Amino acid sequence: MSDVLQRLQARTTVDPATGCWTWTGGTDRSGYGRLSIGGKMRATHRLAYAILGREDLDDALVLHHDCRNRRCWNPHHLEQVTSAQNTRLGDGPTARHARATHCPQRHPYTAENTRMARGRRHCRTCHRDRLRRNRARVSSCRTANARQ
């Protein structure tokens with residue numbers, strides 16, 4: 001494995017400000033470093049974690065980059081988590097929505113004001129406001145039709 005470590009180090013720059021060991025070699029479509037080992041492409045961060053990691057690498061878990069640098073292979077910046085945890089820790093829409101404390105209209109997501117439907121949170125206040133607007137619209141249409 002020392003040969004692999006030497007190959008990793010040969011294509012790496014160290015950022016003193018962040019502590020990232022940034023891979024300068026090839027990457028996959030998602031921007032993660034890739035290195036060929038025995039004719040098979042491997043993720044650099046998974047290789048490094050297996051070689052230098054603080055614990056055994058579990059194939060059922062993914063490695064989360066605490067530094068948010070996909071090319072980084074510093075094992076101290078990596079943490080084994082489930083795929084769902086990795087999604088919530090990220091910056092994507094799913095993670096942002098999960099961290100939200102208020103709906104888009106700024107009503108709080110509290111136990112009393114939140115209902116779950118099909119795995120998603122919905123604001124009860126917004127739902128009631130929508131129902132009132134729809135009832136008013138339907139009522140005005142009926143009144144207008146009755147006059148004709």
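Rings of Phe, Tyr and Trp (its six-membered ring) pair if their centres lie within 6.5 Å, with planes under 30 degrees apart counted as stacked, over 60 as edge-to-face and the rest as tilted. By that rule, the structure holds one aromatic pair. The rings of Trp-21 and Trp-73 have centres 5.0 Å apart and planes at 70°, so this pair is edge-to-face.

This is a predicted model, where local features need pLDDT of at least 70, side-chain atom pairs count only at pLDDT 80 or more, and totals for chains, interfaces and linings use all residues. Numbering runs from 1 along each chain as its sequence is written, and side-chain values use heavy atoms, with hydrogens and water left out.

**The Trp pair**
- Trp-21 lies in strand S2 (residues 21-23) and Trp-73 in the loop between S5 and S6, so the pair ties together parts 52 residues apart in sequence; strands here are DSSP runs of E, at least two residues, numbered from the N terminus.
- Trp-73 is buried at 2% relative accessibility, while Trp-21 is partly exposed at 25% (buried is under 20% relative accessible area, exposed over 50%, partly exposed in between; 1.4 Å probe, protein chains only).

**Asn-74**
- Asn-74 lies in the loop between strand S5 (62-65) and strand S6 (78-81), and at 5% relative accessibility Asn-74 counts as buried.
- The side chain of Asn-74 reaches the backbone nitrogen of His-76 at 2.9 Å.
- Leaving out residues up to four places away in sequence, Asn-74 touches Gly-19 and Trp-21 (heavy atoms within 4.5 Å).

**Charge over a ring**
- Arg-121 has its charged end over the ring of Tyr-109, 4.1 Å from the ring centre (the rule: NZ of Lys or CZ of Arg within 6 Å of the centre and within 35 degrees of the ring normal).

Note on methods
Helices (H or I, at least four residues) and strands (E, at least two) are DSSP runs, numbered from the N terminus. A polar contact is a pair of N or O atoms within 3.5 Å; within protein, one must be able to donate a hydrogen and the other to accept it, and residues adjacent in sequence count only if both atoms are side-chain atoms.
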